[in-house]
Amino acid sequence: TLKVTMRASKTISWLAIAARPTPLFSFMPITGRTTTTHRSRNNNEGADYFAVSEVQSEGTAADDTSVTTKPHRRRERYSGRYPRNFKDKYKERSGDEETIKKVLAKGITPAGTHVPIMVKECLHFMGLENKSNGDGLDKPSPQKQPPLLVVDCTLGYGGHTSYILKQLIDSASDGSRLIAFDQDSVEIKKTEERLRSALNENDLLNDPDLFTAVNQNFETLGPYLSSTNQSGKVTNLLADLGLSSMQIDNNDRGFTYKRSGPLDMRMNSNDDTENAYDLLKRLRVRKLKSMLKENSDEEFAIEIAAGLIGKGMKIPETTTELADRVRDIVRPLVQNQHGNRKMNKSETIKMKKQLDSTVARVMQAIRIEVNGEFEVLEKLLQDLPEVLAPGGKAVFLTFHSGEDRRGKKSFKRGFKRG
């Protein structure tokens, strides 16, 4: 028998918030990027923060209970200072404060987390910024404001959501509510628990209806509001259409080409819908070619489609297999553009970046098709006039031309109709 000392640790989360009001519709494209890359962490510099944070705390409790022990097994060695594999980053994923500080200092987003971008801009165009009294301090409104009904279409890690919650808590509006949608059944549970824990432990969740998390795709926003008698009452809406870092970090989700993982790419991995590999098996070359053009404006769509699923071709089964195949297809085409002459060092580096960008666009196009992202966006845009209250504001954060184009066209049509 052994005396076993049980160590219980709890890692608490962050609820960070910033602050500014106006246009009815706002559309903020982020150009020159694909959604398979990590998002920038520095867009919020200079913002006034309110942060509710807690440091990891540990307590010990001894119990003299007799137990049958298993043979001792050494803890897996931490591979290097900054392991590449998501599964090896257990210190970051467990919330080890020292490791997270080092990772953030290096300019990297800790594994399993996500840092929201353009927070100040989103709050500004949603009309949720606090007014300032001129000395940089928030000036409370002298009179009560009508309650707000805010919708965050993509909860994710809860970055934008936490800032919105802070604005609602600090506002002079009693009865304001936030509804956050996310179809990722894995991440929504973690995020809801983390946000509620931070709110409760800081005595900020006085109203149990303040925050509602809905495990559905935001295409169901219209029907959901109808079923809860809230159609036409949404005062502020945010749709951040990009991927979250924690989805990219996890190789098993199949969203990154930098590490090997199954060709999955489903936002809801618990869904029975087809994954990326099944999609490639089903498609014909002509359909894949048009999909690459439509979803990512791919220059070499014809050649890539034929090289991936053409006659006699073995369909890639992993993300790295797909990436290597695309590079092999595109490399001679790029070299041909240089006249097949020997390239110097800078040209070689430029070609490598071009090949990686092509891989990213191909994966983006496949991911969009797997998750029906354009159809979902168009459904939301179609429902928007019935969803918003008179004078309501909607902000869309886009990451590529396909999303940007659809949003702008929809807004123009709405403007013409009045």
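These legends go with a set of close-up views of a predicted model.

**View 1. The whole chain, before zooming in.**
The protein chain carries 14 helices and ten strands. Of its 418 residues, 46% are buried.

Helix 9 covers residues 285–296, twelve in number. From first C-alpha to last it reaches 16 Å, close to the 16 Å expected at 1.5 Å a residue. Which of its residues are buried? They are Leu288, Met291, Leu292, Asn295 and Ser296. Looking down the axis of helix 9, these buried residues sit within an arc of 100°, so they line one face of the helix. The cover over them includes helix 8 (276–282), helix 10 (301–309), helix 12 (345–371) and helix 13 (373–387).

Asp297 is a residue other than glycine, and its place is in the loop between helix 9 and helix 10. Is Asp297 buried or partly exposed? With a relative accessible area of 45%, Asp297 is partly exposed.

**View 2. The largest nonpolar core.**
This core holds 37 residues, and those touching the most other members are Leu288, Ile304, Leu308, Val326 and Ile366. The elements giving two or more residues to it are helix 8, helix 9, helix 10, helix 11 (319–337) and helix 12. Helix 12 supplies the largest share, nine residues. As a bit of background, nonpolar side chains in soluble globular proteins tend to be buried together.

**View 3. Ile366 and its contacts.**
Ile366 is among the core residues that touch the most other members. What does Ile366 contact once its neighbours within four places in sequence are left aside? The list is Met265, Ala276, Leu279, Leu280, Met291 and Leu322. One of these, Met291, also turns up among the buried residues of helix 9.

Thr319 has its place in helix 11. How accessible is Thr319? Its relative accessibility is 0%, so Thr319 counts as buried, the cut-off being under 20%. Leaving aside neighbours within four places in sequence, Thr319 is in contact with Gly254, Thr256, Tyr257, Arg259, Ser260, Gly261, Pro262, Leu263 and Met363. Arg253 lies 66 residues from Thr319 in sequence, with 9.9 Å between their C-alpha atoms.

Strand 7 (residues 177–181) is mostly covered, with four of its five residues buried. Strand 6 (residues 149–152) runs parallel to strand 7, and four bridges join the two. In that pairing, Val150 stands opposite Leu178. Strand 7 is also joined to strand 8 (residues 211–214) by four bridges, again in parallel. Here Ile179 has Thr212 of strand 8 as its bridge partner.

How many residues of strand 9 (residues 234–240) are buried? Seven of its seven are. Strand 9 pairs with strand 6 in the parallel sense over three bridges, and Val151 has Leu237 of strand 9 as its bridge partner. Strand 9 also pairs with strand 10 (residues 388–398), in the parallel sense and over six bridges. For a landmark in that pairing, look for Asp240, which stands opposite Leu397 in strand 10.

**View 4. Asn229, on the way into strand 9.**
Where is Asn229? Its place is in the loop between helix 6 (221–227) and strand 9. Asn229 has a positive phi of about 60°, although it is not a glycine. The relative accessible area of Asn229 is 60%, which makes Asn229 exposed.

**View 5. Ser401 and Glu294.**
Ser401 has its place in helix 14 (residues 401–417). Its relative accessible area is 32%, and Ser401 is thus partly exposed. Ser401 and Glu294 are 107 residues apart in sequence, yet their C-alpha atoms are 9.8 Å apart in space.

Methods
Residues numbered from 1 in each chain as written. Predicted model: local features only at pLDDT ≥ 70, side-chain atom pairs only at ≥ 80, totals over all residues. Heavy atoms only, no water. Expected span 1.5 Å × (residues − 1). Buried < 20%, exposed > 50% of the residue type's maximum accessible area, 1.4 Å probe, protein only. Arc of directions from axis to C-beta. Contact = heavy atoms within 4.5 Å. Pairing = 2+ DSSP bridges. Core = buried A, V, L, I, M, F, W, Y, C linked by side-chain atoms within 4.5 Å.
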